[in-house]
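Welcome! Take a moment to look over the sequence and the fold below, and then we can walk through a few of the details together.

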Amino acid sequence: MINQATLQGNWNEIKGKLRKHWGQLSNDDVQTFNGNIDQLVGLIQRKTGEARSQVEDYLDELTSKGSASFTEATENVLEYVQQASDRMQEGSQQALDTFRDSYEQAEDMIRRRPTESVALCFGVGVVVGLLIGASLRSR
């Protein structure tokens, strides 16, 4: 069965193949296709003298190849999206693991050296406060 959606969707490619297959068809002949397969088959029959079944078989072959190409392209896109998703999950898992390791190291450092940790936090707080104060004064 001729796939009308594929025929219309790939019309630019298909009309070139029709003209190549049946050299009697002019560019004007194939330009007039408006989605009506019966009219197209009738036009090709009149211009070429081919039997209706042969015309329909050729159109069916063209549209089934188009459907297969579309299906293959869709599968390729889905595979690419799946691979991208997998890479994003791996990257986010690595980032999470790195964050957890860093957090555990910081927590361990605070447990081993609580006095130095408090002094360091106090010093960083003072420096940040001075920088913010200086930037607000300069405005």
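Predicted model: local features only at pLDDT ≥ 70, side-chain atom pairs only at ≥ 80, totals over all residues.

Now for the aromatic rings. How many aromatic pairs are there? The count comes to two. In one of them, the planes of Trp-22 and Tyr-58 stand at 75 degrees with the ring centres 5.2 Å apart, so this pair is edge-to-face. Trp-22 sits in the loop between helix 2 and helix 3 (27-31), while Tyr-58 belongs to helix 5 (residues 52-112), so the pair ties together parts that are 36 residues apart in sequence. Trp-22 is buried, its relative accessible area being 3%, and Tyr-58 also counts as buried, at 15% relative accessibility.

Phe-99 and Tyr-103 make up an aromatic pair too, and this one is stacked. These residues are four apart in helix 5, so about one helical turn separates them. Is Phe-99 buried or exposed? With a relative accessible area of 56%, Phe-99 is exposed.

Here are the ring pairs side by side:

| Pair | Centre to centre | Angle between planes | Type |
|---|---|---|---|
| Trp-22 and Tyr-58 | 5.2 Å | 75 degrees | edge-to-face |
| Phe-99 and Tyr-103 | 6.5 Å | 25 degrees | stacked |

Definitions and conventions:
Residues numbered from 1 in each chain as written. Heavy atoms only, no water. Phe/Tyr/Trp six-rings, centres within 6.5 Å; stacked < 30°, edge-to-face > 60°. Helix = DSSP H or I, 4+ residues; strand = E, 2+ residues; numbered from the N terminus. Buried < 20%, exposed > 50% of the residue type's maximum accessible area, 1.4 Å probe, protein only.
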